[in-house]
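Thanks for coming. I have one chain to go through today, and I will keep it brief.

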Amino acid sequence: MAMECDDWGDGGGDMNAVPDGVVQHILSMLSNVRDVAACACVCRRWRDCVPYLPALFFPRNAFDAAAVGGGAADEAIGRMVAAVSRLRELVIYCPFSMARLPAWLAMRSASLRVVELRMDAAADKEAAGGGHLDCVALATGLEELRLWGVLMTNAPAWGRLQHLRVLEIVGAPLRDTAITETVAACPNLTDLSLLGCDCSGDVSIQLAMLQRCRLDFLGGGNCSLLLSAPRLESLEAQGFTWISLRGGHNLRRLSIAKSTGRVYKVDTGRLPDLEYLSLRGVQWSWAAVSSVLQCASEVKHLVMKIEFCGDFDVLQPFPEIDLVDFFNGHPKLTKFEIHGAMFAALCQKNSLKNLDSRFCIPCLEELLITVRSPLNAEQKLSTLESLVKYSVRLQSMVIRISQMKNCHDAADDFFEEICKFKYINYRKVRIE
């Protein structure tokens, strides 16, 4: 601190001229416990502001190993929680004893609104999967809860956390039944995030108030999702084989991905307000792809990064897609990112058969196309030329040449043709 007090009893120097309310407001911006402890030692006036701090943050390095092992860290956490009488936010990243958590939450149950805990840093990790999370129910006014590394094989006994709006669980092994029961205990959630979690089975989520949902599940096993959320605006789902969405009429952003395994079925119903759609993965069934594309006919930004189709272990290319039918079916599309297989499907023998002078792509402004093979080069060039010609509002076309074996003469010839195309349309086209 640049300013110091002359004595312990009353502030000295320029700080005496600062009103108590201003000092209290400045110090209320502190949350890191190291800063809080340092300021509390300056003078009594500053120490008297500690009870009014809104937040306490215990970083991972808040205590040394000796303090953690000897229990001094738990004692220090307890003293600081007890000292801050109006505590609204408690964040603990450092190692701590799970057995002491109920006492800390009970002390500030009336004022706590935000709790964030790194359970993987708990000093007694064997307790992290036990019933110690039941104590979260003590904070009856809790609005936001974030848990890292918790082992949730069974749902905690929370009763009903009516005030909880935000629930985030990161890096946790979960059982499908535990997820369903835990979410059911928080009926008024608006934000739900389950990130980097390991789970398989059938996940069922029904939340009337949910607006934003992020589900990132690891593993290549089969996992299905049934989501009922009539107010949902944004959904990111990673790792599911089957997805069924009920009440997605207000959905504006939808991202579905699966890095390993296959996506067999996606049922969303019509998505009239969808603005952003991203489909990613190694292998999707064509029925799942076409179902989502049909339901998202009003989408404005589309990302297609699926490598293969096929319902079984055999990887298959996309079926032929008629370029005219596709863009007529998505008239509001303004930004289109096409990767590999999707572009190849638009470049088949009959993809351009329905082109005529009346056709136009009315809203498309940005195109990003990834080309991975020189095969069918003539048809691909024709498709690129058609996209430039019929996109009346096109401002930018970026062509990415990715993972193409340039040792083949065909690849060299194709790249030369791409360069000529770029030269002719230099105001709109560039190559990466």
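Where in the chain is His-330 found? Before the answer, one caveat: what you see is a predicted model. His-330 is in the loop between helix 9, residues 323–328, and strand 16, residues 335–339. Its relative accessibility is 7%, and since buried means under 20%, His-330 counts as buried. Leaving out residues up to four places away in sequence, His-330 touches Leu-293, Ala-296, Ser-297 and Val-299.

Now the chain as a whole. It has 432 residues, and 48% of them count as buried. There are 12 helices and 19 strands. Take the contacts with a separation of 6 or more: 57% of them come from residues 24 or more positions apart.

In what order do the strands of the open four-stranded sheet come? The order is 7-9-11-13, and the pairing is parallel. Strand 7, residues 201–206, and strand 13, residues 265–267, are at the edges; each has a single partner strand, so one side of each has no neighbour in the sheet. On average, neighbouring strands here are turned by 5 degrees against each other, with direction ignored. Strand 11 covers residues 242–246 and runs parallel to strand 13, and three bridges join the two. Within that pairing, Ile-243 stands opposite Val-266 of strand 13.

On to helix 5. This helix covers residues 72–83, which is 12 residues. From first C-alpha to last, helix 5 reaches 16 Å, close to the 16 Å expected at 1.5 Å a residue. Buried residues in helix 5 include Ala-73, Asp-74, Ala-76 and Ile-77. Gly-78, Met-80 and Val-81 are buried as well.

The loop between helix 5 and strand 2 holds Arg-86. Is Arg-86 buried or exposed? Its relative accessibility is 52%, and because the cut-off for exposed is over 50%, Arg-86 counts as exposed. Even so, Arg-86 has contacts beyond its sequence neighbours: setting aside residues up to four places away, Arg-86 touches Pro-51, Tyr-52, Leu-53, Pro-54 and Ser-111. Ser-111 is 25 residues from Arg-86 in sequence, with 5.9 Å between their C-alpha atoms.

Last, the aromatic rings. A pair of rings is described by the distance between the centres and the angle between the planes. The count comes to 10 aromatic pairs. One of them is Phe-57 with Tyr-93, an edge-to-face pair at 5.4 Å centre to centre and 90 degrees between the planes. This pair links distant parts of the chain, 36 residues apart: Phe-57 is in strand 1, residues 55–58, while Tyr-93 is in the loop between strand 2, residues 89–92, and helix 6, residues 101–107. Phe-57 is partly exposed, at 24% relative accessible area.

Another edge-to-face pair is Phe-326 with Phe-327, at 5.2 Å centre to centre and again 90 degrees between the planes.

Key: Residues numbered from 1 in each chain as written. Predicted model: local features only at pLDDT ≥ 70, side-chain atom pairs only at ≥ 80, totals over all residues. Heavy atoms only, no water. Pairing = 2+ DSSP bridges. Axes fitted to C-alpha atoms, helices over the stretch in contact; angles between N-to-C directions. Expected span 1.5 Å × (residues − 1). Buried < 20%, exposed > 50% of the residue type's maximum accessible area, 1.4 Å probe, protein only. Contact = heavy atoms within 4.5 Å. Phe/Tyr/Trp six-rings, centres within 6.5 Å; stacked < 30°, edge-to-face > 60°.
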